[in-house]
Structure formats: structure tokens, C-alpha cells
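This briefing looks at a model of a protein assembly, taking its cavities, its chain interface and its salt bridges in turn. Please view the sequence and the structure before reading on.

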Amino acid sequence: MKILNKDLGSYKLHLINTDKFKTVTIKVLFHTPIKKEEITKRILVTNLLLQSSKKFDSRRKLTIESENLYSADIGIGNQRLGNYITTSFNLQVLMDKYTEEDNLEKSIEFLNEIIFNPDVENKSFRKEKVDYVKHDLMVKLNSIKERPSGYASIRLGELFDSKSPFSYRITGYIDDLDSINENNLYDSYLEMINTDYVDIFVVGDFDNKEMLSLVKKYFKFKKIKKPKKTYILKNRNYRIRRLFVKEEINNTQSVLAIANPVYKLTKYERDYALCLGNLIFGGGVDSKLFKDVREANSLCYTIRSWFNKLDNMIIIKAGIDKDNYTKAINIITKKLDEMKKGKFTDDDINNAKEELINALESIDEDENAMINDVMSSEILELDDIKTRINNIKKIKKSDIVKAFRKVHMDTVFLLEGGIR
Amino acid sequence: MKKINLKNIDMTLYTEVLSNGLEIYMLPYKDKKNYYVSFVTRYGSDVLEFTDISKKTHKPPLGIAHFLEHKMFEEESGEDPFTFYAKSGTDCNACTSCTNTQYMFWGSKNFNKNLEYLLRFVTHPYFTDQNVKKEKGIIAEEIKMYNDMPDYKIERKLRECVYKNSPRRLDIAGSVSEINKITKEDLYTCYNNFYIPSNMFVLITGNFDPDIALEIIRNELDSNDKRKVPKIKKITEPLKVCEEKKVMKGNIEIPKIGIGLKISTKDIKLDKFELHLYLDMLSTIMFGDSSLFKERVRDKKILNDLSVSWENIDDISVLHIYGVSIKPDELINEVLSEFNSITVDEESFNRIKKVWIAREIKMIDDIEGMADNLCYDLIKYKKVISNKIDIIKNMKFKVLKDLVKNTNFKNYSIVKMEKE
């Protein structure tokens with residue numbers, strides 16, 4: 001794997017050269033500081049771009065074109081990364097040697113058509129298309145409780161701090177839909193194209209010069225922009241008395257979700273010690289939470305914790321029976337205290353190190369993992385992979401303990417089923 | 001070792017059958033770091049009743065195959081497979097379907113010892129009254145988690161309407177009351193009857209040496225164990241759907257629909273694999289992303305999500321259609337009118353063939369996907385299909401047209417889920 005990062009002024013290009021795949025993957029990533037009132041519009045804009053374009057004026061025609069290009073699949077996604085919202089357009093297509101000459105270039109042209117040539121008349125999107133994506137989003141937002149675990153995460157964020165981007169619903173807001181129309185959506189689209197920071201990633205087996213000229217030909221942004229605001233969220237002070245909230249849901253199972261903000265992490269702790277510590281605590285099936293809450297006490301089927309470096313937060317989630325609520329919290333609290341007291345073994349540390357190192361060593365086996373790593377390396381100014389592996393090997397127990405002492409259990413939310 | 005050349009994709013599959021009947025399939029890659037290994041028994045939730053060699057008939061509680069899968073992770077030494085694999089940063093898991101149960105591990109290190117360990121832990125059950133009791137709490141939470149998902153509930157209901165006798169009516173995990181009846185004796189009975197060499201296979205893809213892998217498998221599993229699979233009670237499923245229409249309530253905001261079209265494939269003179277390709281082609285042309293149907297119902301704003309798939313058992317195939325709509329009755333009528341006036345066009349047929357060929361080539365990069373596909377074929381068609389791309393290329397439009405002409409599209413069940 002060879003990476004060439006090139007600042008082209010209006011965007012950064014990352015050419016990741018590898019002969020491991022039969023496809024070429026291109027990701028165009030827009031990012032901008034997140035504003036709550038803009039989220040719903042952003043989602044609708046990206047959905048609209050996949051409905052039709054100037055040249056292919058229906059979703060069906062777009063799909064047929066992608067099928068004709070030997071299944072040049074294009075996907076769109078919106079995600080919050082700390083203080084930012086990112087919108088990505090992904091294209092994955094077979095290399096020409098498996099299809100026909102120029103299929104790759106035609107596919108890139110197709111991606112260009114979707115991003116830069118929207119189905120617009122008189123400076124506004126077409127009303128019937130806007131009505132459709134609004135309707136579609138309304139249905140999705142109305143069905144949000146059908147995924148109890150996802151809904152519990154949303155509610156947890158809002159209870160933790162409703163002013164923080166941590167609480168923003170990246171799914172969008174129903175209440176915003178009424179005021180959105182074909183005109184203000186077009187404005188929102190223009191804002192994305194003209195003011196968002198852009199990164200373009202290309203992964204595959206290609207000649208760098210040829211790819212560079214292809215990308216320059218099809219991706220032209222006018223302005224020169226550089227991100228200024230940090231991606232890392234700063235949390236409000238933690239509650240001395242924890243907040244416990246229950247909300248009823250007409251399900252049989254309950255979902256427990258706990259927010260544990262982290263304060264004043266050093267760069268070393270963020271990049272290394274707490275990542276490793278979280279794997280020991282609740283990162284997988286070999287973790288303290290899994291072994292104690294699930295295996296030893298059979299209180300749940302799923303339990304896991306995630307450390308989000310950009311949010312300064314460890315989230316814990318478990319699917320439990322409501323009668324086991326107190327017992328589960330007691331065990332989780334005890335396990336968290338044990339992390340702070342260093343009650344874990346050298347074997348625990350070594351296993352977690354192996355897992356982290358393996359994940360780093362396997363990054364070049366997966367296109368998206370490579371792209372994500374290049375992106376997070378920029379955002380978090382990470383060391384190169386080799387240095388990271390060496391540093392992981394050196395992490396000491398005392399480093400983990402020190403980092404875990406900065407974790408504070410703050411908000412405990414139970415989406416309570418099994419009532420009716 | 002026998003070598004099978006996988007045509008058009010330039011790969012070689014190595015196969016071997018041990019004297020006790022255990023089958024081995026190995027697909028080595030030159031350019032991967034990772035490996036994916038599964039050990040599979042052809043035993044799943046479809047087996048409801050069987051007669052062993054001593055002529056004793058067993059009818060264990062429902063959900064036992066899945067329960068058994070959970071319990072295989074119990075070790076007499078106290079160190080479970082999760083802990084063992086964690087030492088080398090390797091992941092492991094298991095899953096149970098209607099037709100098989102498989103145990104997998106995947107990673108990049110310690111291949112030999114990891115393989116040895118898999119073969120040992122799956123061949124050494126350790127069930128006690130206490131560890132069986134413990135698992136009941138965990139599986140009960142797993143069952144509840146699924147039962148809280150409206151999509152899962154409507155699928156269950158549709159299955160109950162479509163099938164009269166088939167075990168496909170039932171939940172793979174059983175029910176809380178059924179799993180509470182399971183004893184360690186039941187587990188040993190099922191284990192001893194179905195976890196036998198002649199009913200199992202090992203499947204390896206990715207980075208490994210086939211000669212070394214075969215030697216390890218021989219050392220661990222070559223034996224004189226010539227036990228045969230017990231006689232499984234055959235369940236005949238009538239062609240007629242069990243119930244035509246059902247309305248149910250669910251914890252949802254937007255209604256959902258499920259339609260199950262049940263057809264006979266008894267008189268179609270095609271190899272099963274080819275037959276299933278033609279059925280997929282039919283449903284893709286009718287309801288796929290580039291179908292006229294999808295465009296029409298989207299424009300009318302009566303469709304949100306739609307998923308379509310075939311389930312093939314013996315001489316019966318069922319087309320499952322699930323959708324979300326604010327006007328469920330209209331959506332149902334649209335689907336039914338599609339059944340009444342099926343049109344297939346050659347242009348779509350050829351375009352979708354192209355997409356499928358591209359999909360087969362893209363798949364090669366994914367060692368897990370390749371393993372899943374091979375496993376599916378071995379279970380479903382009891383053979384390796386080495387020339388898939390040729391088969392797709394040779395598909396004839398006339399065959400599809402004849403299939404449409406000779407199929408009865410009037411035998412279906414409809415389920416509608418409304419808000420509680």
C-alpha cells in the first residue's frame with residue numbers, strides 16, 4: 001500500500017495504491033462544522049442527489065446507468081464526526097481489465113454527474129422529487145423507535161447535554177420538514193459544494209499520474225478552504241450526582257445506555273491508553289463487561305462499550321430484562337471502578353494489544369478501513385501505522401489506569417420494556 | 001487432494017474427503033493476510049424429529065440446534081473459545097440457520113493453533129446442568145431482542161401464513177418456554193447424532209497453506225467414526241398457502257406489509273442452481289431497483305422500504321416481499337397487479353446478467369463472502385459450483401419467459417401490520 005496525499009488547493013486528494021483489489025473505490029468526502037438546524041436539509045440534499053440528475057432524470061434511469069457500468073455502485077452517507085458533519089459519496093467499480101475500456105472513466109463521470117449536475121430548474125430542485133425525499137424521511141423518522149438500541153443512543157445523547165453536537169440527531173428532525181422546500185434545499189446544496197472542505201480518496205491499482213488527471217478533470221471546486229475548528233468535542237462538566245432516566249417503550253426487552261464522558265485526555269491517552277483500556281473493559285466478547293454481565297450473571301445477550309475519541313466519551317449499551325436493571329448497573333459500576341483501580345491482568349492487556357495490532361495490520365485488507373485510517377490520521381494527527389504498532393506494544397498498565405480515572409459515569413438511560 | 005479450477009476467476013479450490021466422511025474445502029489466496037475458517041454441521045432448526053440407529057425417536061424442544069451452538073462455547077478447562085482466540089487477536093463466532101450450524105474464526109495470526117483449537121472445541125462438548133441453566137437467561141434475552149423488532153415479527157407471521165407444516169414457520173431460536181425445557185441430556189443426544197464426521201465439513205479461505213491445514217485436520221479428525229446421520233422425519237409441505245390474509249398489530253408508526261408467493265418448481269426441468277438464478281432474475285426484473293414497479297410505487301409515494309428474496313425448499317419456492325407504506329392496501333394492490341401482468345424484457349435481462357457477473361468478480365476480494373457462498377452451495381446444492389459466471393452468461397431469455405408462462409402467481413399470503 002502506497003499513499004500519496006496531495007493538497008490541490010480546493011481539496012485534498014489521497015491516492016492509495018494497492019494491487020489487492022479487483023475494484024477501484026472512490027470516496028468524495030464533504031465536511032463542515034455541524035449545525036443542528038442544517039442536518040435535516042443535508043440529509044434531504046444527499047438523498048435528492050441519488051434520486052435523479054440533469055442527465056438521468058429519474059431514480060430508475062440512474063440505476064440503469066449504474067448497472068450498465070458493470071454495477072458501478074454509488075452510495076451516500078452522512079455521519080457526525082465530533083464537531084463536524086461529513087457527507088460521503090462512494091463509488092466502487094471493477095477495474096477496466098474485468099469490464100471494458102474506459103468503464104472506470106465513465107463511472108467517474110457518472111459520479112461527477114451525481115454530485116455536480118443535479119436535477120435543477122430555475123435555481124431550485126424539482127418539487128415532486130423534493131416531496132418524495134421529504135415523505136421518505138418523514139416515514140423513516142416516524143419509525144425511529146423500531147430500532148430500540150439506536151433510539152436509546154439518541155435519547156442518551158439528548159439527556160447528557162441537549163446543547164452539545166453529541167446530542168444532535170444525525171437522522172434528521174421531523175419538525176424541520178415543514179419549512180424545507182425546493183429552493184432552500186438548493187441553497188443548502190450550493191453551500192455544501194461551495195463551502196465544505198473536501199477530501200477525495202481513490203483506492204486501487206492505477207497509475208498515479210493518470211488518476212490524478214482523471215480526478216482533476218471531473219472534480220473541480222472553486223474555493224480554497226481549510227478546516228479551522230477542531231473535530232474534538234469538549235464536554236460540559238460531569239454531574240456529581242448521576243442522572244438516571246427511564247422511558248417506557250412497548251417492547252419486551254429493555255435497553256440500557258450509559259454515557260461516560262472523559263476529561264483532559266492527553267494525546268497519548270486518546271490515541272493509545274484509553275483505546276486499549278476500553279477493549280479490556282467492554283470492547284468485545286473477551287471483555288470484562290461481556291464476561292461478567294453476560295456470561296457470569298446471564299443478564300443479557302448483548303453488552304458492549306465504545307470509546308469515541310472525537311466525542312471524548314465511552315458509551316455502554318446492553319439489552320436487558322427490566323428486573324435486572326439495578327443488578328446490571330451495579331456490576332457495570334463495579335467493573336468501571338476495577339478499571340480505575342487496575343484490577344485487570346497482564347493477559348488482559350496483552351490480548352487487547354494483540355487485537356489492536358491485528359486491526360492495524362489488517363487495514364490494507366479493506367478499502368474502507370484504509371480510507372478511514374487516512375482520514376482519522378489527518379483529523380487526529382495520528383502517528384503512522386508502524387509507529388502506532390510500536391507504541392501500542394509499550395503501553396503500560398499504569399497508563400490505562402491513569403486514562404480510566406478520567407472517565408466518569410454521568411447519564412444512565414433505560415428504555416424500559418416489559419411493562420405492558 | 002483434489003483440485004477444482006474455479007472458472008473465470010482464476011482460483012483453485014482444494015478438496016478432500018477423510019475416510020470417515022468429513023469433507024474439507026480450501027481456497028487459498030496469494031495476496032491476503034487474513035484467513036477465514038468455518039467448521040460446519042448440516043444440522044439446523046429444520047430438524048424437528050429424528051430416529052437414531054437404535055431406532056429410538058427423539059423430538060427435542062424447539063430451538064435446540066441454536067441452544068447447542070451457544071453451549072459448544074463451554075469448556076471443561078474453564079477457558080472459553082473467546083478467551084483462547086483473544087490471545088492472538090483472532091475473532092470467533094458461531095451461527096445457526098434452518099439448515100446448518102457453523103463455528104468460525106478469522107484473523108491473521110496463529111493459524112495452525114487456531115485451527116487445531118476450533119476442531120477440538122467443536123468435537124468436545126461439555127454440558128452440565130448448571131451451564132445449561134445459565135444459558136437460558138442469555139438466550140431468553142436474545143429471543144426477546146428479536147421479538148421486539150417489528151420487521152422480524154411480520155416475517156414470522158408471514159411464515160406462519162405461507163407454510164402449513166414446514167419448520168420454516170418456526171423461530172430458529174425457539175421460544176422462551178421451549179428453551180426452558182432443554183436439558184443437558186437433550187443437548188448430548190442432538191450433538192451425538194448430528195455432530196459426526198459424515199455430516200460435517202471444514203471450509204477455509206484466505207491466507208494459509210492447504211498442505212499444512214490438511215495435515216492438521218487429519219491429525220485432529222481422521223478416525224474410524226463411521227456413524228451415519230440419523231433418519232430425519234420428513235415433513236411434507238402442501239403447495240397451497242396455509243392462510244391467505246392476516247392483519248396484525250405492531251409497535252410501529254408506519255404500516256408494514258408482507259406478501260409470500262408460493263410456487264411449485266416440481267415440473268421445471270432445470271438444475272436447482274440454475275432454477276434459482278432464473279427465479280432471482282424474475283424477481284429482480286419485477287421488483288428490483290431498476291424495475292418499472294419500483295418507479296411507479298415511489299412516484300405514488302406508497303412505498304418506502306422494499307425487500308424481496310426467494311426461499312427455496314425442495315420443490316417449493318416462496319417469494320418473500322416486505323414493504324413499508326403509509327398506504328399499505330394500495331401497495332398490496334400494486335404488488336398483486338404485478339403478479340397478474342408479469343412482463344419481462346430482454347434488455348433488463350441482459351443488463352442484470354452483466355451486474356451479476358460483475359458481482360461474482362467483486363466477490364473474490366472478500367474471503368468471508370467467498371466462504372459464505374461456498375458454504376451456501378454445499379448445503380443447498382450439495383456441490384461446489386465451479387463455473388458460475390459461465391452459467392450466468394449462458395442464461396437464456398426464453399427460459400425465463402417459459403418460467404413465467406408456467407408459473408401460478410395466484411397462490412399467496414398477505415400480512416398487514418398496523419399501528420397498535
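The lining of the second largest cavity divides into 11 nonpolar, 3 polar and 1 charged residues. The model is a predicted one, and a search of the whole structure finds 4 cavities of 30 Å³ or more. Chain B and chain A share an interface in which 51 residues of chain B are in contact with 55 residues of chain A.

**Second largest cavity**

- The space in the second largest cavity comes to about 110 Å³, and of the 15 residues that line this cavity, B:Ser45, B:Val47, B:Leu48, B:Leu62 and B:Gly63 are the closest to its centre.

**Largest cavity**

- The volume of the largest cavity is about 200 Å³, and among the 15 residues that line the largest cavity, those closest to its centre are B:Ile9, B:Glu360, B:Met370, B:Ile385 and B:Lys388.
- At least two residues of this lining come from each of H12, helix H13 (367–380) and helix H14 (388–393) of chain B, and H13(B) gives the most, with 4 residues.
- By residue class, the lining of the largest cavity consists of 8 nonpolar, 3 polar and 4 charged residues.

**Interface between chain B and chain A**

- The area buried between chain B and chain A is about 5,200 Å², and carbon and sulfur atoms give 49% of that area.
- Across this interface the rule finds 35 residue pairs in polar contact, with both residues at pLDDT 80 or more.
- On the side of chain B that touches chain A, the elements that give two or more residues are helix H2 (81–86), helix H4 (129–147), helix H5 (150–162), helix H10 (292–299) and helix H12 (346–363) of chain B, and H4(B) gives the most, with 8 residues.
- The residues on that side of chain B divide into 15 nonpolar, 12 polar and 24 charged.

**Salt bridges**

- Over all chains the structure holds 71 salt bridges, and across the interface of chain B and chain A the rule finds 9.
- One salt bridge between the chains joins the side chains of A:Asp73 and B:Lys362, with an N to O distance of 3.2 Å.
- Within chain A, the side chains of A:Arg155 and A:Glu247 meet in a salt bridge at 2.8 Å, N to O.
- A:Arg155 lies in helix H5 (residues 148–160) of chain A and A:Glu247 lies in strand E9 (residues 243–248) of chain A, so this pair ties together parts that are 92 residues apart in sequence.

Notes. Residues numbered from 1 in each chain as written. Chains lettered and ligands numbered in written order. Predicted model: local features only at pLDDT ≥ 70, side-chain atom pairs only at ≥ 80, totals over all residues. Heavy atoms only, no water. Contact = heavy atoms within 4.5 Å. Buried area = accessible area lost by both parts, 1.4 Å probe. Salt bridge = Lys/Arg side-chain N within 4 Å of Asp/Glu carboxyl O. Polar contact = N/O pair within 3.5 Å; in protein donor to acceptor, adjacent residues only side chain to side chain. Nonpolar A, V, L, I, M, F, W, Y, C, P; charged D, E, K, R; others polar. 1 Å grid on protein atoms, 1.4 Å probe; cavity = no way out; pocket = protein on both sides within 12 Å on 5 of 7 lines; lining within 4 Å. Points joined across faces, edges and corners; volume = space filled by probe spheres on them.
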